[in-house]
Amino acid sequence: MARAWLHWFAVPAGLGLIACGAAPEEARFPNRPIEIVSWATPGGPSDLLARALAEAAPDYFEGQRVSVMTRQGGAGAVGMQYLRGRAGDPHVLGVFTASGTVNMATGRIPFAPTDFTPILRIQVDPFLVAVREDSPFQTLGDLFAVARERPGEVSMSGFGAASAHFLGFQRLRAAAGDPDVRWIAYEGSGDAVVAALGGHTDAVHTNYNIVREHLRAGTMRVLAVALPLTALRDTPVYVGEGYDLAPVHWRGVVGPPGLAPEVRADLRERLLATIRAAGFQEYMARAAMEYAVMDDSDAFGDWIAEEVETSRALLGRLGLLVNE
C-alpha cells in the first residue's frame with residue numbers, strides 16, 4: 001500500500017515563535033548570523049531553496065544575517081562533515097534532500113540520519129514520466145505494455161545511475177510488474193530531457209520544473225505524475241493509473257547533532273514563519289513546488305530514516321550497494 005505520509009500544507013497565519021526570554025546575551029538565540037549549508041550544485045533546486053530561505057529568514061531570526069555556504073564534494077560528504085562538526089550550534093543549518101538519503105543508503109558517504117537533527121521538511125517535487133508530443137505512448141500502461149512485448153527495447157532517460165531519480169523509477173517499474181525498460185543515465189536532468197526530445201530515448205523520468213517549458217511549447221507531454229500538481233491538474237496520477245506508490249524528490253532543513261529539544265522547537269517555529277512569508281511563497285510558486293510539512297520534527301526524522309532503509313533494500317535487490 002502507498003504510505004499516507006504526505007501532509008499537503010497550507011502554511012497558516014499566526015504561528016507564534018518560542019520566546020527566548022531574558023537570557024544572558026551569550027545564551028540568547030540567535031546571537032550571531034545564521035549559516036545555511038548547501039552541498040548541492042549552485043543554481044539547482046536544492047541550492048535555490050537554500051537561497052530562498054536565506055532571503056526570507058532574517059525577519060524571523062531577530063534580524064540576523066542569513067547566508068548560504070556552499071560546500072560541495074564527495075556526494076555531499078564535505079557539507080555533511082562540516083554540519084556534523086558543529087554539534088549543538090543552532091546557528092548552522094543544512095538543506096537535506098532525498099539524494100542525501102540515497103547516498104547514505106549506497107554507502108557512498110559515511111553518515112547516518114542520526115548524525116543530524118531533523119527540523120522541518122518543506123517541499124516535495126513529484127517525479128513524472130514525459131514523452132515527446134509525437135510519441136506513440138499515450139499512457140504509462142502503453143509504455144509498459146510495449147516493454148513487456150519487446151524486452152529491452154523501451155528506454156527511459158533520467159539523472160544518475162543510482163540516484164533518487166533512478167530509484168523513483170525503479171519503484172514505479174516494480175509496481176508495474178518489472179517490465180524490461182532500459183534506464184539510460186545522464187549527468188543532469190536537463191540532458192535527460194534533451195535525450196528524450198531528440199529521440200535518443202523513448203521517455204524521460206524527471207520533475208515538472210525540468211520539463212515545464214517544453215510542455216508550454218507543446219513539444220512534450222506528461223504520461224503521469226506521482227502526486228497531484230497544481231500545474232498539472234488534468235494529468236493522471238500514478239495511483240489512478242493502477243500504480244500504488246508516490247515517489248518524490250523532497251527537501252527540508254536539518255541541524256547539527258546535539259541540539260536541545262527546546263532549541264529544535266524554536267528553530268522549527270522560526271522556519272515555519274519563514275516559509276509563510278510572501279517572498280518565500282512566491283519562490284515556491286515559481287519553482288512549481290508543493291509544500292509538504294510533516295506533523296513535527298520527529299516525524300521528519302522517522303521519514304529520513306525510512307527513506308534510507310527503503311533505498312538500501314532496493315539498491316541491494318538491484319546489486320548497487322557500494323560495499324557488496
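A residue is called buried when its relative accessible area is under 20%, exposed when that area is over 50%, and partly exposed in between, with a 1.4 Å probe and protein chains only. By this scale E62 counts as exposed, at 53% relative accessibility.

The structure is a predicted model, in which local features need pLDDT of at least 70, side-chain atom pairs count only at pLDDT 80 or more, and totals for chains, interfaces and linings use all residues. Residues are numbered from 1 along each chain as its sequence is written, and side-chain values use heavy atoms, with hydrogens and water left out.

**The chain as a whole**

The protein chain contains 10 helices and 10 strands; helices (H or I, at least four residues) and strands (E, at least two) are DSSP runs, numbered from the N terminus. Its radius of gyration, taken over C-alpha atoms, is 20 Å, close to the 20 Å that the globule rule (2.2 Å times the number of residues to the power 0.38) gives for 324 residues, so the chain is as compact as a globular protein of that length. Along the principal axes, the C-alpha atoms fill a box of roughly 70 × 45 × 35 Å. Buried residues account for 53% of the 324 residues. Of the contacts (heavy atoms within 4.5 Å) between residues at least 6 apart in sequence, 79% join residues at least 24 apart.

**Helices and their buried residues**

In helix α2 (residues 77-84), the buried residues are A77, G79, M80, Y82 and L83. Their cover includes β1 (34-38), β2 (66-70), β3 (92-97), α3 (98-106) and β9 (248-255).

Helix α3 has eight of its nine residues buried, so it is largely enclosed by the rest of the structure. Among these buried residues are A98, G100, T101 and V102. The cover of α3 includes α2, β3, α5 (164-175), β9 and α10 (297-317).

In helix α6 (residues 189-197), S189, A192, V193, A195 and A196 are buried. Seen down the axis of α6, these residues fall within an arc of 155 degrees (that of the directions from the helix axis to the C-beta atoms), so they line one face of the helix. An α-helix has 3.6 residues a turn, so residues three or four places apart point the same way. Just after α6, G199 takes a positive phi of about 80 degrees.

**Two buried residues**

L232 lies in the loop between β8 (220-225) and β9, and L232 is buried, with a relative accessible area of 10%. Leaving aside neighbours within four places in sequence, L232 is in contact with L128, Y208, L215, V222 and V225. V248, in strand β9, is buried as well, at a relative accessible area of 8%. The table gives the C-alpha to C-alpha separation of one pair for each residue.

| Pair | Separation in sequence | C-alpha to C-alpha distance |
|---|---|---|
| L232 and Y208 | 24 residues | 8.6 Å |
| V248 and V225 | 23 residues | 9.7 Å |

**Backbone features**

A cis peptide bond joins F29 and P30, with omega about -5 degrees; P30 is placed in the segment before β1. E62 is not a glycine, yet E62 has a positive phi of about 55 degrees. This residue lies in the loop between α1 (45-56) and β2. A288, also not a glycine, has a positive phi of about 55 degrees and is placed in the loop between α9 (278-287) and β10 (290-291). At 13% relative accessibility, A288 counts as buried.
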